[in-house]
Amino acid sequence: MKVVNTDIVIIGAGGAGLRAAIAVAEADPTLNIALVSKVYPMRSHTCAAEGGAAGVVKESDSLDYHFNDTVSGGDWLTDQDAVELFVNEIPKELTQLEHWGCPWSREDTGKVAVRPFGGMKIMRTWYAADKTGFHMLHTLFQTSLKYSSIRRFDEFYTTDLMIDDGVCRGCTAIEMRSGEMTLFLGKTVIICSGGAGRIFPFTTNGAIKTGDGMAMAYRAGVPLKDMEFVQYHPTGLPGSGILLTEGCRGEGGLLVNKDGYRYLQDYDLGPPDPWPRLKAMELGPRDRLSQAFYHEQKKGRTIPSKWGDVVHLDMRHLGEKKINERLPLVRDLSRSYVGADPVTDLVPVRPVVHYMMGGIHTDINAATPMSGLYAAGECACVSINGANRLGSNSLGELLVFGARAGRHAVEYVKTVGTLEGDARIEKQAGDAESRIKSLFKRTGGKQRVAALRRDMNMTLEEGCGIYRDENSLIDTCTRIADVRARYRDVRLEDKSNVYNTDLYQTLELGAMIEVAQTVAISALQRKESRGAHQRLDFTARDDENYLKHTMAFYNPNGDPRIDYADVTITKSQPAARVYGGAAA
Amino acid sequence: MSERQIELEVLRYRPEMDDKPFFQTYSVPCQEEWVVLDALNYVKDEMDRTLSYRWSCHMFVCGSCGMAINGEPKLACKAFLRDYQTKIRIEPLSNFPIERDLVIVQDDFIEKLESVKPYIIPKQEKPIDQGEYLQTPAQLKAYKQYSMCINCLLCYSACPQYALEEKFIGPAALALAHRYNMDSRDVGRSAREHVVASHDGIWACSFVGACSQVCPKDVDPAGAIQQVKFTSAVDYLTSFLPGGKR
Amino acid sequence: MSRKPYHREVSKTTWFLKQSRYQHYMLHEISSVFVAIYVGVLIVGLFRLAQGPEAWSGWLAAVTSPIGVIFHILVFIFSIIHTTSWFKAVPQAMRIQRGEEIVPGNLIIGAHYGVWAVVSVVVLLVAGVA
């Protein structure tokens, strides 16, 4: 087995991973960084983020406003110390990115421009047309090339964390083009591997978003936090699930039902002003908008289409010039995929799985409970998003907590000195390699990857959607457990070494099943409705019993063990979430 | 939704079994609104687990799924079946070694990308607490088009110059250098010049223009290269004037 | 080591036959040869003119002979090809930005055709043809 000796191993080279790597390189250029990713950095899913990143920068805004929007947007399940730190640091991070060359859209004066976003009291979302994530990712990637201490290992699929005496020391990864197992041995690991939207069948997430890092940490004993909170984005293209940014509505796009009626006014989000009123109507939070779709559908007021029921996103009044300038990708995607030009046509949309609020449990320094292990970005749960993330807080999160993970990992490395136990880790790595080899050797496996994946997808869609109840969740948990059991008999059909995508899809499926199980069990046990977790049988929020973070612990032979942790509340006591005219 | 039977002729190459690539045909029941990538995913899931290709976002932005479709470099997620006949031929992007099936080796491109110093080289570092650099919409416009590159490599695959001279820095990397040269926050043009304005840089381009024709993001690398040629030529000539660098 | 990347060879002599856009490119490049030859012919004409009336009328007879006329038609066609294909590419090389707007390519191409027409008329006037 090849061994790469390094100081800090970063798994994942998307926004958070790159930001962490740069933070390490700047904090201590003498430390060696191994940046390990299953794709080339610019393929990472950060590139698909469209709308923008929120950060207080304008005179009329304040850190308190951003704090309050985020905490209430998360239905008070956010940790308020983390949110306070986040809103404080994000303007600096966004400015830093500006210095590194990010092509932020500008005002005539040359200052960065901001646009309105859902659930935000003030316009504070920095954007680069409707390709913000793309530009941020490429800016970070290109900037990372300046630092010689960052050594990239592109297209290495990480299989296991290496843990010695409770301390995380590295990982094993397969070089995808050769099939060769490599041991990355260092002093600390930062996981920045992204979310797991692919556990659902209908998602904005790319093929690579399979929760590998979440599952890896989880299997190693680190709890996954608040996994029941899955964000549905209200405006995805039907059929493909392609995202149409909240920026569409930020720029003035309207949502209408089959009667051309702005139905959001029926769901405590009115009044239906003709101008975009902040925190109201189309600029309400994502959970509320997706839930409103569900009710419209029940009332028979959605529009049937060949891809299922939809509502219409009306951007026609914005005009061609504004659409081309602010929403060019949205126009390109709508025309290509559903044949609707936003300039002249209504665009069919429906809610689609978009983001995991939950993830690897970390503190505000991005440290997990395991020594030497950090996590940042969508794979982590700090938690600044609580029960519902506000649009444009995730790009900020990956910068703030990616950078913090990097800096704190550097501090940690300074304290640990020389570590013993390399031989034990090499043995562990050997075990990891044997597990992969056993997949190759297995004969007579009956379970097909595609069939298992489909079963898992459909089960979650049916039982863990926008609305859930006891029966559907119990059914989902049973079926997921069944899928998990069947996975033990999975059949690897391609036994070659070079770029064996059958192997990686098989391993990804294994990760997804673990993550899916934590989503279902966590949802079953939370008997209340909060943010993105809506129960038809427990319709109210229950602060007495459930103002707590769900912690799912790995259990190799059965359902995850569920525990709860306190939510940090500093200055905002739980109250009713108010949107629409009443929020003014 | 209407269904259509499509014959996919896919170039296969499994280095551990094959000495050279061969075509394998899959007859795929496709939905009318599918893209070629959907058809490949169908093959992967239902017909042949051994077929390998790269893909992720399915929305023209991650740049993973570049391949030659009926000989033309395309993103498989942007190649709609409605635009094709019943038979579609799929090959890995040309001008790159084939790692396996539709997966190409792209190390050469990554090295070239790194060689052009694609990052802001500022006149002097500005402290973060002094806020952003001012950049007017017009200054943004000057380089914005060249910042749209998704590194999908369709341009390298279309470029006959790159096919004949592998040392050529190539369209995407040169366009990216131009993007930073044109950025009002950057003063790094001279630092990039020895790579960009070299024999293997812009001067290896003979302006076939195929790169710009296949670019899925309208970056126009060919235009960028010609513009750099112009400024470099002016630099060269002015270097002979009194006070010039020569 | 399981890797064995496969290199596809590209023919150094026939690569341009593979795609129509390469053929167009070659046509554009070859057209310049005809333009160059014609420049040569004109220079020879100038040389002949300097040598005296006899030399000049010999040259004149050559260029107006049937072969000379065919040659002129050929050169004319290739000159048109050369010019139009260049004009088509000009907006890429000559990107003009005014404020936030990029001057549309068609305008730049149109301006080139305009100048071409004006210069042609002037030349014809000077030559006394028109």
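Student: Is A:Glu155 buried or exposed, and how do you know?

Tutor: This is a predicted model, and in it A:Glu155 has 22 C-beta neighbours inside 10 Å. A residue is buried if 20 or more other C-beta atoms lie within 10 Å of its own. A:Glu155 therefore counts as buried.

Student: What about the backbone of A:Glu155 deserves a note?

Tutor: Its phi is positive, about 60 degrees, although A:Glu155 is not a glycine. A:Glu155 lies in the loop between strand 7 (150-154) and strand 8 (156-164) of chain A.

Student: Why is A:Asp268 called partly exposed?

Tutor: A:Asp268 has 17 C-beta neighbours inside 10 Å. Phi of A:Asp268 is near 60 degrees, a positive value in a residue other than glycine.

Student: What is the omega of the cis bond between A:Val382 and A:Ser383?

Tutor: Omega is about 20 degrees for the cis peptide bond that joins A:Val382 and A:Ser383. A:Ser383 sits in the loop between strand 20 (380-381) and helix 10 (394-416) of chain A.

Student: How do you know how chain C compares with a compact globule?

Tutor: The radius of gyration of chain C is 22 Å, but a compact globule of 130 residues would have one near 14 Å. The C-alpha atoms of chain C fill a box of roughly 80 × 45 × 25 Å along the principal axes. Buried residues make up 5% of the 130 residues in chain C.

Student: Which elements does chain C have, and in what order do they run?

Tutor: Chain C has four helices and two strands. From the N terminus on, the order is α-α-α-β-β-α.

Student: Which domains does chain C have, and what separates their centres?

Tutor: The domain assignment gives domain 1 (13-81) and domain 2 (94-130) of chain C. Their centres, taken over C-alpha atoms, are 24 Å apart.

Student: What makes a residue of chain A count as touching chain B, and how many do?

Tutor: Two residues are in contact if their C-beta atoms lie within 7 Å. By that rule, 44 residues of chain A are in contact with 43 residues of chain B. Helix 3 of chain A gives the most to the side of chain A that touches chain B, with five residues. The residues of that side of chain A divide into 16 nonpolar, 16 polar and 12 charged.

Student: How many residues take part in the contact between chain B and chain C?

Tutor: The contact takes 29 residues from chain B and 21 residues from chain C. Among the elements of chain B that give two or more residues to this side are strand 6 (98-100) and helix 9 (221-238). Helix 9 of chain B gives the most, with five residues. The side of chain B that touches chain C divides into 17 nonpolar, seven polar and five charged residues.

Technical notes:
Residues are numbered from 1 along each chain as its sequence is written. Chains are lettered from A and ligands numbered from 1 in the order in which they are written. This is a predicted model: local features need pLDDT of at least 70, side-chain atom pairs count only at pLDDT 80 or more; totals for chains, interfaces and linings use all residues. The radius of gyration is taken over C-alpha atoms; the globule rule is 2.2 Å times the number of residues to the power 0.38. A residue is buried if 20 or more other C-beta atoms lie within 10 Å of its own, exposed if 12 or fewer, and partly exposed in between; C-beta atoms are placed from the backbone. Ala, Val, Leu, Ile, Met, Phe, Trp, Tyr, Cys and Pro count as nonpolar, Asp, Glu, Lys and Arg as charged, and the others, Gly among them, as polar. Domain bounds come from an automatic or database domain assignment.
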